[in-house]
4 protein chains.
Amino acid sequence: MLVVMQSHATEEQVRAVCSVIESLGYKAHPIPGAGRTAIGITGNSGTAELTALESMPGVGECIPVTKPYKLVSRDVKPETSVVKVSTALGDVLFGGTHVGMVAGPCAVESREQAFTVAKLTKAAGARLYRGGAYKPRTSPYSFQGLGEKGLQILADVRKEFGLGVITEAIDNESLDLVEKYADVIQIGARNMQNFSLLKHAGQAKKPVLLKRGMSATLEDLLLAAEYIMSEGNYAVILCERGVRTFSDHTRNTLDLSIVPAVQRLSHLPIVVDPSHGTGRRNKVLPLSRASVAVGADGLLVEVHHDPDRALSDGPQSIRPEDYTRLYNEVNQIAAVVGRTLN
Amino acid sequence: MLVVMQSHATEEQVRAVCSVIESLGYKAHPIPGAGRTAIGITGNSGTAELTALESMPGVGECIPVTKPYKLVSRDVKPETSVVKVSTALGDVLFGGTHVGMVAGPCAVESREQAFTVAKLTKAAGARLYRGGAYKPRTSPYSFQGLGEKGLQILADVRKEFGLGVITEAIDNESLDLVEKYADVIQIGARNMQNFSLLKHAGQAKKPVLLKRGMSATLEDLLLAAEYIMSEGNYAVILCERGVRTFSDHTRNTLDLSIVPAVQRLSHLPIVVDPSHGTGRRNKVLPLSRASVAVGADGLLVEVHHDPDRALSDGPQSIRPEDYTRLYNEVNQIAAVVGRTLN
Amino acid sequence: MLVVMQSHATEEQVRAVCSVIESLGYKAHPIPGAGRTAIGITGNSGTAELTALESMPGVGECIPVTKPYKLVSRDVKPETSVVKVSTALGDVLFGGTHVGMVAGPCAVESREQAFTVAKLTKAAGARLYRGGAYKPRTSPYSFQGLGEKGLQILADVRKEFGLGVITEAIDNESLDLVEKYADVIQIGARNMQNFSLLKHAGQAKKPVLLKRGMSATLEDLLLAAEYIMSEGNYAVILCERGVRTFSDHTRNTLDLSIVPAVQRLSHLPIVVDPSHGTGRRNKVLPLSRASVAVGADGLLVEVHHDPDRALSDGPQSIRPEDYTRLYNEVNQIAAVVGRTLN
Amino acid sequence: MLVVMQSHATEEQVRAVCSVIESLGYKAHPIPGAGRTAIGITGNSGTAELTALESMPGVGECIPVTKPYKLVSRDVKPETSVVKVSTALGDVLFGGTHVGMVAGPCAVESREQAFTVAKLTKAAGARLYRGGAYKPRTSPYSFQGLGEKGLQILADVRKEFGLGVITEAIDNESLDLVEKYADVIQIGARNMQNFSLLKHAGQAKKPVLLKRGMSATLEDLLLAAEYIMSEGNYAVILCERGVRTFSDHTRNTLDLSIVPAVQRLSHLPIVVDPSHGTGRRNKVLPLSRASVAVGADGLLVEVHHDPDRALSDGPQSIRPEDYTRLYNEVNQIAAVVGRTLN
């Protein structure tokens with residue numbers, strides 16, 4: 001159920017409607033729009049007693065929402081959401097006309113490695129830095145990340161270079177730490193339907209970057225975002241990183257058509273990770289161009305100064321000089337589609 | 001690395017080898033076999049300093065293991081593992097010549113519902129009872145299970161009917177509770193690569209039923225089990241429950257060939273869930289027959305006394321009378337392949 | 001559109017309705033049933049002028065068919081079709097309570113090889129012999145089959161051993177020859193949507209075994225059969241042989257749930273090919289058991305007396321002694337599901 | 001086997017080597033390169049007697065080719081192939097720096113429709129016209145195309161507007177007619193492994209546009225092209241048009257990473273069909289941009305002046321005004337990647 005307030009409704013009226021909703025045992029999500037405020041109601045599928053809301057002052061109309069997702073939907077919020085990440089180098093925006101650029105190593109391996117890559121990606125134009133402290137690895141015998149020590153290194157990267165930091169949380173415990181140390185909390189593909197983690201991320205005060213699961217449909221992805229938003233965190237960035245198919249020339253099959261498909265149904269920004277999406281260094285540049293051309297709201301690229309010796313995902317990491325070329329080419333393509341990198 | 005002890009090696013010699021391994025910073029996994037004990041070594045890929053083990057008393061040989069999984073492998077333990085679940089009605093076995101039968105509702109909805117179904121599935125021959133207290137649902141607005149209250153109802157089912165209880169854990173917190181209340185801890189398909197949860201399950205003292213993820217390869221599944229075993233819990237039952245493909249006549253595509261494929265590579269038992277595997281009530285009986293015919297070590301079937309009113313997964317739940325027929329038919333097929341239901 | 005005649009309608013009345021249908025430019029397919037005759041109408045989606053048929057003598061009712069397929073559907077023919085292949089050793093039936101057994105080498109390589117295998121599969125119980133004279137190979141440099149010379153060898157097999165012969169046609173030219181030499185015309189998976197070939201097969205006077213394409217949905221398969229039937233050939237046997245998925249432990253993923261799914265929607269028999277369906281010799285026996293347990297109307301198994309030297313598909317061919325065991329095991333499972341091998 | 005001639009080898013020496021190869025029962029494929037000529041040998045996997053070629057005058061070296069494809073490979077021809085289609089409006093090139101643009105309706109429905117669309121696509125910049133006279137439709141009751149009458153209309157389109165014409169052949173008979181009437185012979189996705197048709201296309205004197213099958217791997221696609229080339233027709237254009245996956249927000253999943261993957265292994269050009277690749281009108285523009293950005297050598301787009309009334313594939317056809325916008329946007333992106341539309 002969605003309550004659309006009249007354009008002249010006062011803040012007080014909005015609050016009154018919200019408190020009635022909550023007194024009935026539901027959760028109210030006021031969503032201010034350009035011209036009017038809408039209030040999403042979650043927590044129950046029954047709608048009987050809610051029709052009474054229609055007669056409250058300031059209420060325009062009550063719309064039953066038949067799609068399984070609500071808060072992520074353009075039905076609830078027609079205007080495109082722009083997610084902002086504040087850094088010492090200025091705000092980085094995802095969505096609208098803004099294409100957010102993120103670069104960094106797959107895993108934080110050491111202070112030296114992290115600083116070396118950070119210096120190079122910053123020089124190449126990226127103001128957001130990615131790097132894993134907790135690595136969900138298919139094998140228990142692969143490098144699992146440095147844990148909190150890795151988070152401290154990331155915090156040092158931020159302090160030293162002014163870069164904003166994105167890193168992955170793999171359970172409720174690490175999420176609390178990631179929220180403390182980083183600027184954006186990443187939920188990885190393998191945890192896209194770890195609903196306990198999604199709810200926990202929904203209570204965090206930092207933006208969440210949510211990666212599409214390897215066999216997630218568009219609806220699965222939007223519902224995973226809905227889990228986060230239904231707990232009150234509206235700063236969600238979706239991420240396409242390839243799905244699993246029979247096609248074997250790349251590690252995953254990058255499904256770029258989900259970018260316009262998401263943008264049609266949802267107001268949330270969606271970025272692309274061509275590194276995991278292809279798993280091959282020589283495919284990162286062309287698929288980065290394609291991602292921006294298709295309309296992606298950002299790029300998440302793995303960069304390593306010595307990829308052949310990386311502790312994880314070396315074969316898909318590009319070198320800093322390749323990133324510079326990538327940045328320049330996607331910058332030109334962004335201009336063609338009326339977007340700007342940042 | 002795998003240390004194979006001589007057949008006449010004493011327990012003391014085994015312990016001595018283990019303590020050397022651990023003093024080097026690795027984890028030792030002594031695995032007693034029919035004729036000799038093998039010791040799996042995990043925790044590091046380096047092998048240089050381990051060659052010294054070869055000269056210790058009682059050591060037969062040191063074998064470098066090149067497959068990415070070790071403890072799940074028949075290389076480490078050639079004999080088939082039989083996982084035992086003790087119930088007031090006697091032990092239920094999975095593996096070897098034993099086909100374990102599990103039946104019950106998708107979700108525990110109420111004491112009445114749980115008891116009604118339990119009475120009927122017990123009468124039909126099942127001694128293990130499944131039922132979800134924590135339900136990982138694609139939508140945040142779907143019924144999420146009764147939580148700990150559901151676990152208490154399951155404990156009451158055990159007390160009242162003598163049935164063993166299997167139920168799902170969805171995060172570290174619920175896993176602790178499931179371990180306390182239930183007989184088998186289930187890890188669901190969406191959490192198959194929630195490595196934090198797998199490690200936690202590896203520290204539990206109850207058997208773990210691990211479902212294959214929707215896009216997991218055979219190797220992914222074995223490595224997920226390896227996560228559990230590498231923490232010390234060797235009582236793992238694998239479960240095929242369908243994978244995601246283009247094929248749209250069933251909810252998932254049940255990949256029965258993984259049963260003999262697992263049994264070839266691993267000593268662990270593997271059961272089939274034809275309810276989630278097809279998502280269609282009328283497919284559960286034929287695919288149950290096929291599962292036992294292909295060699296499955298057990299069946300996990302959703303049964304509900306009133307499936308059209310089930311709060312979750314009604315369309316794939318069969319009625320108790322259908323389960324009786326199913327039990328009878330698979331019982332005859334089990335005999336053809338030299339197995340017995342239990 | 002489907003015209004259902006009254007149960008007492010005369011043959012003359014049926015003919016009269018057919019000729020009106022054809023005078024309107026459509027094609028009439030009279031389908032005699034146990035109690036009444038139905039007449040399928042194909043060739044146009046418009047139905048306006050056909051309502052006049054309702055008032056003709058002997059007509060019970062006119063039913064618009066909304067599914068995209070008609071003649072394959074149980075709506076048109078509720079009774080299960082049994083397809084008969086006559087051999088010197090007696091009729092082999094597919095469908096109803098009959099499970100048809102077919103065995104033989106992937107490719108006819110020489111007269112000696114063909115005779116050797118035929119002698120062994122006949123001894124093991126199979127009365128139908130499969131063997132390719134035209135081989136659709138992924139590479140132009142792989143063995144492409146002996147062509148018409150292979151068909152002559154197959155005819156000699158029939159003459160010498162009394163076995164019925166099934167072999168593949170790959171284009172309109174070879175189909176004419178296959179129809180001349182063989183007892184059943186096979187259309188391979190790669191040609192399942194070669195609609196020109198399907199139409200040509202629909203004009204043949206021999207039964208057609210139609211294999212499911214590697215990415216064909218249930219509806220695609222039924223519509224491919226509809227192409228054959230709409231040209232007048234109603235003796236169609238469907239065949240599941242595995243589909244292409246991400247799952248890599250077998251060459252294809254055998255989708256056994258399509259067997260009950262087909263049997264629910266269509267009256268046509270459906271057999272399973274576990275050799276191509278798995279691509280692994282050691283999976284053929286368990287998946288053959290599973291196929292009969294799930295309700296398959298037949299099995300198509302590759303047998304070779306010296307599989308390691310086979311010119312094509314050796315790794316998935318079983319040895320004659322394995323086929324004897326397979327035959328015995330599936331025979332017992334057939335009994336459990338009320339079927340008999342033949 | 002590949003014979004690489006010395007850079008100074010004469011034409012006579014090349015001819016001499018070829019005639020020795022053919023006298024041994026193989027087929028010789030002389031492939032002139034920038035600096036030297038290579039001679040591909042096909043027709044047999046044995047290589048014993050061929051080593052004698054090494055001592056012939058002008059021969060540089062003999063290289064056994066271990067990949068299953070030869071003639072399509074950059075091993076045989078390192079230089080990128082540019083396929084030329086001559087039209088009254090000038091040559092249209094595919095490959096190298098040239099991006100070939102093809103537009104037109106899914107099916108030729110009538111002279112009026114074909115001319116209306118041709119006038120509009122020509123005005124929008126396309127010099128090649130696509131339109132189906134033979135339509136491979138999933139259902140036998142869907143519009144199957146106008147056949148030869150459709151080809152005559154296409155020939156009239158060429159005469160009237162000067163456009164080059166691309167149209168699909170569905171069997172050997174129609175291929176002969178398509179070769180006669182059209183400028184480029186299209187082999188559709190469903191016939192990608194119709195090897196009889198591929199061989200026939202290999203004997204044609206017109207370029208062939210070969211679409212990737214719905215579940216074809218990169219290797220399958222290259223080997224299908226190898227079938228055509230091994231018969232002597234080297235003018236092959238590959239086409240990505242989406243593959244079948246679980247992902248359901250588009251009709252097929254466009255696998256753009258195959259473009260750089262093909263270009264790495266093969267010298268052949270590869271174009272993209274975003275219309276079939278997405279099946280959704282509103283996805284054609286963004287995926288067209290992405291295709292050119294990723295490096296595609298051309299675009300094949302369905303345009304219809306009245307898509308809601310199209311007899312086939314209306315939902316994925318764009319309007320002429322959309323094509324004008326598409327042409328302009330991809331033109332700018334082509335410039336970024338150093339290519340030009342033509």
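T167(B) sits in strand β9 of chain B, which spans residues 164-169. This is a predicted model. T167(B) has a relative accessible area of 1%. That is under the 20% cut-off, so T167(B) counts as buried. Its side chain reaches the backbone oxygen of G131(B) at 2.6 Å. Contacts beyond four places in sequence include G131(B), G132(B) and A133(B). L151(B) and L154(B) are also in contact with T167(B).

Now to the confidence values. Chain A has a mean pLDDT of 92. In chain A, 97% of residues reach 70 or more. For the complex, the predictor gives an ipTM of 0.88 and a pTM of 0.89.

| Interface | Residues in contact | Area buried | Share on carbon and sulfur |
|---|---|---|---|
| Chain A and chain B | 33 of chain A, 33 of chain B | about 2,700 Å² | 50% |
| Chain D and chain A | 37 of chain D, 37 of chain A | about 2,800 Å² | 69% |

Take chain A and chain B. The rule finds two salt bridges across this interface. One of them joins D220(B) to R244(A). The closest N and O atoms of that pair are 2.6 Å apart. Polar contacts across the interface of chain A and chain B link 19 residue pairs. Which helices of chain A each supply at least two residues to the side that touches chain B? They are α4 (172-181), α5 (195-202) and α6 (218-230). The largest share, five residues, comes from α6(A). By class, this side of chain A divides into eleven nonpolar, 13 polar and nine charged residues.

Now take chain D and chain A. In chain D, F246(D), H249(D) and V336(D) lose the most area to chain A. Together they account for 23% of what that side buries. How many salt bridges does the rule find across the interface of chain D and chain A? The count is zero. Polar contacts are found there, in eight residue pairs. On the side of chain D that touches chain A, α7 (258-265), α9 (281-294) and α10 (320-336) give two or more residues each. The largest share comes from α9(D), with eight residues. This side of chain D has 18 nonpolar, eleven polar and eight charged residues.

Methods: Residues are numbered from 1 along each chain as its sequence is written. Chains are lettered from A and ligands numbered from 1 in the order in which they are written. This is a predicted model: local features need pLDDT of at least 70, side-chain atom pairs count only at pLDDT 80 or more; totals for chains, interfaces and linings use all residues. Side-chain values use heavy atoms; hydrogens and water are left out. Contact means heavy atoms within 4.5 Å. Buried area is the accessible area (1.4 Å probe) that two parts lose on being put together, summed over both. A salt bridge is a side-chain nitrogen of Lys or Arg within 4 Å of a carboxyl oxygen of Asp or Glu. A polar contact is a pair of N or O atoms within 3.5 Å; within protein, one must be able to donate a hydrogen and the other to accept it, and residues adjacent in sequence count only if both atoms are side-chain atoms. Helices (H or I, at least four residues) and strands (E, at least two) are DSSP runs, numbered from the N terminus. Ala, Val, Leu, Ile, Met, Phe, Trp, Tyr, Cys and Pro count as nonpolar, Asp, Glu, Lys and Arg as charged, and the others, Gly among them, as polar. pLDDT is the predictor's confidence in each residue, from 0 to 100. Buried means under 20% relative accessible area, exposed over 50%, partly exposed in between (1.4 Å probe, protein chains only).
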